[in-house]
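Visitor: I'd like to learn how to read this fold feature by feature. Could you walk me through it?

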Amino acid sequence: MIFLTFFLSGCWDRVEIEDRGYVLALGVDKYDPSDLNKYESSEYIDLDRRTQKFSPEQKKPDIKTDQKGIDPQTKRKVKPPLPNSKNEYKFAITVLFPNLRTIGKDSKPDEQMRFLFVRPANDVIGIRNYLEREINKRLYYGYLKVIVLGRDLVEEPGYMKEVLDGLSRESDIPQNTFLLVSETTARDVLNTMPLVQPVTGIHLFEISKNASIYGRVIDTPLSQVVNSFINSNCAVISRVEPGIETLKVAGAAVFKNFRFVGWMNEKQLQIYKLLMGKAKHTFIDDLKYKSTYIPFVTTEIQTKKKIKNEKGRLKIVYNLRIEGEVIEFVFKSGYKVLDDPMRRYIQNELNKILKTRAEDLIYLLKYKYNADVLGIGDLISKRRAKDWEKLKKNWDVEFKKIDIEVIPDVRLRRSGTIY
């Protein structure tokens, strides 16, 4: 009997599914009292009513509180107190989890599909403990899909370090949770209810998951970002643009020493993924012949990196071997897309486009951002250890002196079903 008790004690701490709140998305902003006031405005309440599917006749209470967070009419405390000299917060945390009642037999058509709470706090992970005083759910981070960082937050390297440290230490949070940076606030992003997938966390997760297929989106899991900061003090995190009825994931934020230094747009991100060997497929639609655009879809990409020593200076050479197909031209135009001189023209023009874009991106990273997100230092340290010992002491300056050349080699293989 004593022996059997070791095998019968596995469910002593179980929590029923309906008692849990499965957090799908976390948003972290730098706390700003004026921002809180914005969310009490009539304009925001109207927007909130639309996104939360309040019926027109149903009026959401517009409660104004005093500095202590107390409703003067009912004398009830309805929200955490506004900050003052004795009570200052660092972060505004947004927590989003789905309403599991909507998938049950007793669900109502007008029932909201998700719950969204915003609370000020001085640490990210502890927000779970604060919220559990207000809601009858045990919050669980095990299914967390995305973490959105606000624009103001990422400009504070001290806050950024605190947030990443807390997220990476919490054992419940999956290390493959995707990180994104909002162009505005994380709260704006998570408050948006996309038409196709109303649960914002899943919407952003599914877009990020497809990043290996689409060249204009990059997936940036938590563990990868943290390791990138540890190894090179630089990192790239995917960007999300909030809207009224949709969210767009495109481009990326560039970081150096935990500080946001600038954006990469979609086309720059395409080249970045090609150079880093992270793109399986991509789509180039800049090529034009007379008045017709010729969209090119890649089918195979190979990236090889070499280090050369030219006259005592190191030079990094990227060889991009890209195969693909033209998926659209002009019906019965008389041109044979796969025959010369048309094939040669398409290949040469695509090589020029890729080379020009690559040079622009390298200039941006070297001279404007001075951020080695391409991993040049890491490459030299692995292949030229002696050279790296000399360069690493003053790498910020030396990085600008490194010559980087990109040699694209585009091969047109197919042209759809008509040629």
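Guide: Let's start with a crossing. A crossing is left-handed if the near helix is turned anticlockwise from the far one by less than a right angle, and right-handed if clockwise. Here, α6 and α9 cross in the left-handed sense. Helices (H or I, at least four residues) and strands (E, at least two) are DSSP runs, numbered from the N terminus.

Visitor: Which residues make the contact between α6 and α9?

Guide: Contact means heavy atoms within 4.5 Å. From α6 come L164, L167 and S168, and from α9 come L222, V226 and F229. The residues of that contact split into five nonpolar, one polar and no charged. For those classes, Ala, Val, Leu, Ile, Met, Phe, Trp, Tyr, Cys and Pro count as nonpolar, Asp, Glu, Lys and Arg as charged, and the others, Gly among them, as polar.

Visitor: Before we go on, what sort of model is this?

Guide: It's a predicted model, where local features need pLDDT of at least 70 and side-chain atom pairs count only at pLDDT 80 or more, while totals for chains, interfaces and linings use all residues. Residues are numbered from 1 along each chain as its sequence is written, and side-chain values use heavy atoms, with hydrogens and water left out.

Visitor: At what angle do α10 and α11 cross?

Guide: Axes are lines fitted to C-alpha atoms, for helices over the stretch in contact, and angles run from 0 to 180 degrees between N-to-C directions. The axes of α10 (residues 266-276) and α11 cross at roughly 95 degrees and come within 9 Å. That makes α10 roughly perpendicular to α11, given that angles under 35 degrees count as roughly parallel, over 145 as roughly antiparallel, 65 to 115 as roughly perpendicular and the rest as oblique. The α10 side of the contact includes I271, Y272 and L274, and the α11 side includes L354, R357 and L361. By class, the residues of this contact are eight nonpolar, two polar and two charged.

Visitor: And how do I read the sheet next to α11? In what order do its strands run?

Guide: Two strands pair if DSSP finds at least two bridges between them. The open sheet has four strands in the order β11-β14-β15-β16, with mixed pairing. β11 (283-284) and β16 (403-414) each have a single partner strand, so they stand at the edges, with one side of each left without a neighbour in the sheet. β11 and β14 (residues 296-310) run antiparallel, joined by two bridges, and F283 sits opposite V297 in β14. α11 packs on the sheet, touching β11, β14, β15 (313-326) and β16, and its direction makes about 150 degrees with that of β16. Helix α12 (residues 376-383) lies across β14, β15 and β16, at about 55 degrees to β14.

Visitor: What about backbone angles? Where is N257, and what is its phi?

Guide: Most residues other than glycine have a negative phi. N257 is an exception, with phi near 50 degrees, and it lies in the loop between β9 (247-256) and β10 (259-264). F258 is in the loop between β9 and β10 too, and has a positive phi of about 70 degrees.

Visitor: Is F258 buried or exposed?

Guide: Buried means under 20% relative accessible area, exposed over 50%, partly exposed in between (1.4 Å probe, protein chains only). F258, at 17%, therefore counts as buried, whereas N257 is partly exposed at 40%.
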